[in-house]
Structures are given as structure tokens and as C-alpha cells.
Amino acid sequence: ASVPLSTKLDAPILLTQSSKLPTETAVALGALTPSRIIIIGGEVAVTSDVASAAASAASLETSTGVTRIAGLSRYDTAAAIATTLGPVADVVIVSGETFPDAVSASAYAGRMGFPVLLAKRSGIPTPTLAWLDARSGELERAVVVGGAAVIGDGAFAQLQSRMSTTRIWGSTRYSTNLELIKRFWSSGEVSPMVATAGAFPDALVAGTLAARQNRPIMLLGRKYLDPHQREWLRNDADRITDFTMIGGELALDPLMDWELDKALTRNRFAKD
């Protein structure tokens with residue numbers, strides 16, 4: 001949910017433990033010398049001690065250099081982040097119960113400046129509905145990312161009763177991710193940033209850079225390509241310029257680098 005805001009502010013996303021600021025993050029804050037630090041989430045997610053440590057690492061005063069955006073739940077926090085973006089016409093709705101569709105959509109939402117709001121399979125949570133209803137005269141469209149298994153038909157109907165609503169989905173996290181790429185990067189050169197679909201951190205922190213560079217996030221398994229991804233590589237090889245792999249070999253096996261490179265080389269050779 002934070003990627004559209006971080007993109008707007010040109011503010012990279014750094015990760016922390018809830019009760020301890022990692023050394024790597026402290027070093028990055030010192031190197032970046034930010035004028036402000038924004039903490040995403042409440043005390044359970046990021047304690048005040050961590051906020052103070054982050055300020056110290058960046059040579060800022062906690063009272064003036066640190067802002068926190070938080071709510072009572074992840075749904076509240078997403079709505080609070082959305083509010084900071086200002087007036088918008090479109091929103092992106094993703095599951096708040098599982099992460100792949102959210103990180104898949106982050107680069108598109110960040111590029112367009114659309115807020116990312118969270119839903120449940122069983123329905124749209126009160127904080128999300130309250131945010132939508134407060135802007136009923138402004139909003140024109142909701143893009144729901146994920147199938148009925150993650151955002152149910154009842155939840156979809158709640159959105160449809162409020163605005164024009166489109167669902168983008170596939171049968172797996174990989175095919176949903178690919179459907180987003182095919183929809184929003186349908187023509188021209190494309191240079192995906194590739195991250196594991198097994199955990200969220202790498203894709204999350206890459207979302208802002210991908211958004212600013214107009215590149216999609218592509219989610220992969222650790223060692224093997226999904227069949228839908230192989231088909232896309234075969235059909236679109238001529239316009240894929242390169243891939244940037246995010247994460248080390250424990251996240252994405254070196255075999256995946258080889259598979260992507262060989263797929264492009266083989267497909268281009270076959271077409272020539």
C-alpha cells in the first residue's frame with residue numbers, strides 16, 4: 001500500500017524489524033541523508049524505539065523529522081496512506097490477506113498515482129468502504145487485482161455498486177501477475193524487475209523503482225518458470241529488452257537467470 005506514496009515522494013522503501021533497526025537499514029539512512037522519515041504502520045509494526053533509531057541514523061530529530069502513518073489495522077493504514085495522496089479518480093483493490101497480488105500491482109499503481117486499498121475474500125472491510133464512500137463523487141473506477149478466491153464475488157459486488165469496477169486475475173499468482181503486465185505494459189519495450197513470489201520484501205522494495213522507471217514487477221518461482229510465463233516470453237521476446245533480478249540466490253536460483261536469458265535468446269533466434 002505504500003508504493004504509490006513512496007513513488008510520489010521519490011522516497012525509497014527501507015525495511016526494519018518491528019523492535020530493532022537492522023544495521024543495513026541504519027547505514028542506508030546515513031548514506032541517503034533524508035530530510036524526513038515516514039514510518040508505515042503502528043507501534044506493533046514499528047516501535048517508537050525503532051523510529052528514534054532511524055532518526056538518529058539519518059541525523060534527524062525524532063520530533064520534527066519522523067512522521068508515522070498508521071491505523072488500527074492494515075486496512076486502516078492502507079486507507080490512511082491513500083488519504084495522503086490527495087484527490088484521485090481510480091483506485092486499486094487487492095487482498096489484505098495475502099501479498100502476491102499487492103506487490104504485482106504496486107508498480108502500476110505507483111506509476112499512475114493510484115492508491116492501493118485492501119480487501120478481504122469475504123467482503124470489503126469497513127475502513128476501505130469508509131474511504132471509498134467519503135469520495136463517492138470523485139472516484140470513477142476500481143481495478144480489482146485477483147480472482148474470486150482472494151476477493152470474493154460479494155466483495156466485488158460491493159465495489160460495483162459504488163463505481164465502475166474491473167477485475168484482473170489469473171488462476172495462480174503467476175498468471176495474475178502476468179495478466180497485469182499484459183494489460184498495462186501491452187506494447188513497446190518492456191524491462192521487468194523480477195522478484196520471488198515466495199515472499200514479499202524484495203518485490204515490495206523494488207515497487208517504487210519499477211514505478212518510477214515504468215517497469216513491471218514480474219514474480220517467479222525459485223527455480224522454474226510458470227507455463228504462462230514461458231508462453232509470454234515466446235510471444236513477446238522481441239520487445240523484452242532485459243530483466244533485473246531482485247534478491248540473492250536463496251530467493252531466485254541462478255538457474256532462473258539462465259532460463260530467462262535462454263528463453264529470450266532462443267525465441268529471438270527462432271523468429272529471425
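**A walk through the packing**

Let's start in a loop: Arg239 sits between helix H11 (227–236) and strand E9 (244–245). This is a predicted model, so what follows describes computed geometry. Is Arg239 buried or exposed? Its relative accessibility is 15%, and because the cut-off for buried is under 20%, Arg239 counts as buried. Leaving out residues up to four places away in sequence, Arg239 touches Trp185, Ser186, Ser187, Gly188, Glu189, Val190 and Trp232.

The largest nonpolar core has 45 residues, and Val92 and Leu233 are the members that touch the most others. Helix H6 supplies the largest share of this core, with 6 residues. Setting aside neighbours within four places in sequence, Val92 is in contact with Ala105, Tyr108, Ala109, Phe114, Pro115, Val116, Leu117, Val143 and Val145. There is also a second, separate core of 19 residues, with Val91, Ile151, Phe156 and Met163 among them. As background, nonpolar side chains tend to be buried together in soluble globular proteins.

Now follow H6 to one of its partners. The axes of H6 (residues 100–112) and helix H10 (residues 201–212) come within 8 Å and cross at roughly 30°. Angles under 35 degrees count as roughly parallel, so H6 is roughly parallel to H10. The crossing of these two helices is right-handed. Which residues of H6 and H10 meet? On the H6 side they are Val103, Ser106, Ala107, Gly110 and Arg111, and on the H10 side Ala203, Leu204, Gly207, Ala210 and Ala211. Sorted by class, the contact of H6 with H10 has 6 nonpolar, 3 polar and 1 charged residues. On the spacing of helix residues in general, an α-helix has 3.6 residues a turn, so residues three or four places apart point the same way.

Another helix pair is H5 and H7. Their axes are 8 Å apart, and the helices pack at an angle of about 25°, so H5 and H7 are roughly parallel to each other. Tyr75, Asp76, Ala79, Ala82 and Thr83 in H5 meet Pro127, Thr128 and Trp131 in H7. The contact of H5 with H7 divides into 5 nonpolar, 2 polar and 1 charged residues. Looking at H7 (residues 126–133) by itself, its buried residues are Pro127, Thr128, Leu129, Trp131 and Leu132. These buried residues pack against helix H5 (74–84), strand E3 (90–95), strand E4 (116–119) and helix H8 (153–160).

Next up is Ile40, in strand E1 (residues 37–40). With a relative accessibility of 31%, Ile40 counts as partly exposed. Ile40 and Arg68 are 28 residues apart in sequence, and their C-alpha atoms are 6.0 Å apart in space. Not counting residues up to four places away in sequence, Ile40 touches Ser2, Val46, Ile69, Thr77 and Ile81.

Finally, a couple of backbone angles to check. Most residues other than glycine have a negative phi. Asp10 is not a glycine, yet its phi is positive, about 55°. Asp10 is in the loop between helix H1 (3–9) and helix H2 (23–32), and at 49% relative accessibility it counts as partly exposed. Ser59 also has a positive phi, near 60°, in a residue other than glycine. Its place is the loop between helix H3 (48–57) and helix H4 (62–65). Ser59 has 68% relative accessibility and counts as exposed.

Conventions:
Residues numbered from 1 in each chain as written. Predicted model: local features only at pLDDT ≥ 70, side-chain atom pairs only at ≥ 80, totals over all residues. Heavy atoms only, no water. Axes fitted to C-alpha atoms, helices over the stretch in contact; angles between N-to-C directions. Helix = DSSP H or I, 4+ residues; strand = E, 2+ residues; numbered from the N terminus. Parallel < 35°, antiparallel > 145°, perpendicular 65-115°, else oblique. Left-handed = near helix turned anticlockwise from the far one by under 90°. Contact = heavy atoms within 4.5 Å. Nonpolar A, V, L, I, M, F, W, Y, C, P; charged D, E, K, R; others polar. Core = buried A, V, L, I, M, F, W, Y, C linked by side-chain atoms within 4.5 Å. Buried < 20%, exposed > 50% of the residue type's maximum accessible area, 1.4 Å probe, protein only.
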